[in-house]
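Please read them with the coordinates open.

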Amino acid sequence: MNTDAKSRLRRTMMFVPGNSPKMINNADLYGADTIMFDVEDSIFVSQKDAARLMVKYALKAIPFNCETAVRINHVTQTPFGIDDLKAILPSKPDLIRLPKTESVDEVRLVTKMIEEVEQREGFPAGSINIICAIESVRGLYEVRAIAKEPRVVAIALGGEDFIADLRTQRTQRGIEFYHARSEILLAARDAGIQAIDTVYAEVANLEGFRQEVTDIKDMGFDGKSVVHPTQISIVHEIYTPTEKQIAHAVKVLACYKDAVANNKGVLAVDGKMIDGPIVVRAERIVAQARAAGILAEEGYEDAK
Amino acid sequence: MQNKAGRELPTHIYGLKTYRPYEGLFIDPPAPVLMAGRTLRVGRPGSNKVLASLVEAVEATGLRDGMTISFHHHFRDGDYVNKLVMTAIASKGIKDIRIATSSLNDCHDFLIDYIEDGTVTALETSGLRGKLGAYLTQNPGKLKRPVIIRSHGGRARAIEAGEVKIDVAFMGVPTCDRFGNATGRIGKSACGALGYAMLDSRFAEQVVLVTDNLIDGYVFPYSIPQTDVNYIVPVETIGDPEGIASGILKITKNPIQLLLAEAAAKVIEYSGYFKNGYSIQLGGGGSALAAGRYIREKMIKQQIKGSFGVGGVTGVFAKMLEEGLFEICYDTQTFDTAPIQSLRENPRHVEMSCSFYANPWSPGPIINNLDVAILGATEVDLDFNVNVITNSNGQLMGASGGHSDIAASCKLAIIVMPLIRGRFPMVLDRVQNIVTPGESIDVVVTDRGIAVNPRRQDLIDNLRKSGLKLMTIEELQALAHRLIGKPKALALSEDDKDITAIIEYRDGTLLDVIRKPF
């Protein structure tokens, strides 16, 4: 039902305050894979309804050219979350981000509302999916179950709240997140979904940002939440495979295609045996290269 | 009459000569024109040019009702000279003065009072902003004739051709000696190049220098020579250093401007002109400045060396000169403190007059050699015509500057602007006012796509490889309308009495008139 949603490219998810018409209008211009309209933490209590309505109408009126997500308020711990969903779901965002997720019950409550709206509005089942943010120790202890809820396509680390819960602070080397990142990543992989890392709030420190993105990419994260357009190109650059990797991936896929077409059994590229995981990795590299604009659509066939 | 830019214009405009209509980018003068001259005056050994006050200078020059005076805009929004001089003139009870200045800024709003009391009755300028711009937009008829808007090159042409006859040029200079040799490179009010002052000093009937740094000994190198100077008036201060040079101009953090800058740099990279020996005009706007940074990175990476840069100069370009990425920098006005130092210390940073820069009636202004330029716009239209003088409400708030000069002369004129400002689409069916004809524009870069003038098929082919989103100008407009709708056209008075300003093309023909909005 939502297999594609579980695998689409999400190198960058950019937060956009839901009460800023200017930022909402321009949100998709910077090349983020996903734009995430926020009606939660960046919106003052007295502005909640204004932001909710603005996001609702923006999603209806503006043909954004990338994936859209809305970070709603907590559905059981605040009085705003349910109203957010009622207003925003009919505008059909691609994703709803649940903040401070701590139990599968929250996810199921939201899933039920999504299903009702999909049926009522005639949206195809699986149009609207869920990304859960883990922002507390309690949430982290539940993450394996949360990740396996069928509508959930990604788990995100909500770092700022998480370190508050841990009673520590952000460091450049990120030791405070070692366990949480590992746990989230493993839970996501176990459930066959994606893992998205937390924001890096020091917008002016591009070098520190670059280092952190390199680290989380090496860990295995699928992407990073960003808070400013200048961060996007850095993430994409780090997530762009090297020419050598691309050339190899193209070759692997071409050989694999040839093997399938001609019923060949075992195959090898450059003397190495090719099996399932290597093909999957090659497909991911080609997808990343295309997203970076360095490989044309169907490029790997041309390159054969 | 209709001109070649498709504008329906009155044959007679109150207070002005009969204009030839705009006929195209490069048209010869209708008859041979002699370069303007001035009365020769004899300075005797031992005579003293230094006067105690501006009132004395007004008396000494014999300035009287109906005369034309001029100023330059090198002090930008920090200028005090214009006000000091006008106060002296008004104190003498002189009326009916025509101000022919190279440009005006917000700091010149005080002129409203002198227009109201009849001291000033005519204005000729490159730009009009602030309260003065609003006042003149709303009050046609306060002046004896519409404001004449000229480009920098067009003004140089008009002065050299004798169409603008300056009786007294009041030139603020950051440093001068007791004989009149003057420079903008040093002094507490240093502004860098004096390209506009150089021209006025050369052609005005009389020249009064106003300075806050009168030095003993001799100024060298000088931008204005003592042979052009009649009087010198020392004053407390000629301007606010904050407004004159903007410290070090910082690269913008505005993400939209950065996006535009990156796209403009990419257009240049793939245009076919980005190769050894190319030349560029960057300008001082936010996006142009940021584009400079991207271009610099590309030049270093691809090991490309340019020949010259030209125009208003910023630190970004001074740095590229310093690094050897360009051979020469031609500077007519200097925007921030870093290039002022460069002008002082780097022999390849050359000061030039605005005539050398852009005068179309010369055997060759430097911009005739220019390859690429990045320019701004308040709005463009489906014919690629550009407005830089009025805003979406029809109010005077910009400046013609070198815009039309550069666009006509260079090989690749790139307009950079957001597609939408507030709730206004910036691609119109017809711009409110044409400052630069569409036939001289090659590419319009917006944050949502790029349109190439269809007469440049070569560029369209080259830019296909850039990965930029190429669209027709009509598609760009449709995209804007899809997002914010199509606003009702601005209603303007059709009464010829309500013409507030005219836009003279660089060759002296009539390009457009600016009418009062309802």
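Is β6(A) largely enclosed by the rest of the structure or left exposed?

1. Strand β6 of chain A. This is a predicted model, and in it six of the six residues of β6(A) are buried, so the strand is largely enclosed by the rest of the structure. The cut-off behind that reasoning is 20 or more other C-beta atoms within 10 Å of a residue's own.

2. Partners of β6(A). On one hand, β5 of chain A (residues 129-134) pairs with β6(A) in the parallel sense, over five bridges. Within that pairing, A:I134 has A:L157 as its bridge partner. On the other hand, β6 (residues 152-157) is joined to β7 (residues 194-197) of chain A by three bridges, and these two strands also run parallel. Here A:A156 stands opposite A:I196.

3. The barrel. These pairings belong to a closed arrangement in chain A: eight strands form a barrel in the order β1-β2-β3-β4-β5-β6-β7-β8, with parallel pairing. On average, neighbouring strands of this sheet are turned by 25° against each other, direction ignored. As background, strands of a sheet pair through backbone hydrogen bonds, either parallel or antiparallel.

4. Chain A as a whole. Its secondary structure comes to 13 helices and ten strands. The radius of gyration of chain A is 20 Å, close to the 19 Å that the globule rule gives for 304 residues, so the chain is as compact as a globular protein of that length. The C-alpha trace spans about 65 × 45 × 35 Å along the principal axes of chain A. Buried residues account for 43% of the 304 residues. Of the contacts in chain A with a separation of 6 or more, 70% are between residues 24 or more positions apart.

5. Confidence in chain A. The average pLDDT of chain A is 92, and 97% of the residues score at least 70. Residues 298-304 of chain A have a pLDDT below 50, and this stretch has seven contacts in the model beyond near neighbours in sequence. Where pLDDT is low, the predicted coordinates should not be read in detail.

6. Chain B as a whole. Chain B contains 15 helices and 26 strands. Its radius of gyration is 22 Å, close to the 24 Å from the globule rule for 518 residues, so chain B is as compact as a globular protein of that length. Along the principal axes of chain B, the C-alpha trace spans about 70 × 55 × 45 Å. Of the 518 residues in chain B, 56% are buried. Residues at least 24 apart make up 75% of the contacts in chain B between residues at least 6 apart in sequence. The average pLDDT of chain B is 95, with 99% of the residues at 70 or above.

7. The open sheet of chain B. Nine strands of chain B form an open sheet with mixed pairing, in the order β10-β8-β5-β1-β2-β3-β4-β25-β26. At the edges stand β10 (231-234) and β26 (510-515), each with a single partner strand, so one side of each has no neighbour in the sheet. Neighbouring strands of this sheet are turned by 20° against each other on average, direction ignored. Within the sheet, β2 (residues 97-100) and β3 (residues 120-125) of chain B run parallel and are joined by four bridges. B:A100 has B:E124 in β3(B) as its bridge partner.

8. A loop residue in chain B. B:K411 lies in the loop between α13 (403-409) and β18 (412-416) of chain B. Is B:K411 buried or partly exposed? With 17 other C-beta atoms within 10 Å, B:K411 is partly exposed. Apart from neighbours within four places in sequence, B:K411 is in contact with B:Y273, B:D371 and B:V372. B:D371 is 40 residues away along the chain, yet the C-alpha atoms of B:K411 and B:D371 are separated by 4.8 Å.

9. The contact between the chains. Seven residues from chain A and seven residues from chain B take part in the contact. On the side of chain A that touches chain B there are four nonpolar, three polar and no charged residues. For the complex, the predictor gives an ipTM of 0.80 and a pTM of 0.90.

Methods:
Residues are numbered from 1 along each chain as its sequence is written. Chains are lettered from A and ligands numbered from 1 in the order in which they are written. This is a predicted model: local features need pLDDT of at least 70, side-chain atom pairs count only at pLDDT 80 or more; totals for chains, interfaces and linings use all residues. pLDDT is the predictor's confidence in each residue, from 0 to 100. The radius of gyration is taken over C-alpha atoms; the globule rule is 2.2 Å times the number of residues to the power 0.38. A residue is buried if 20 or more other C-beta atoms lie within 10 Å of its own, exposed if 12 or fewer, and partly exposed in between; C-beta atoms are placed from the backbone. Two residues are in contact if their C-beta atoms, placed from the backbone, lie within 7 Å. Two strands pair if DSSP finds at least two bridges between them. Axes are lines fitted to C-alpha atoms, for helices over the stretch in contact, and angles run from 0 to 180 degrees between N-to-C directions. Ala, Val, Leu, Ile, Met, Phe, Trp, Tyr, Cys and Pro count as nonpolar, Asp, Glu, Lys and Arg as charged, and the others, Gly among them, as polar.
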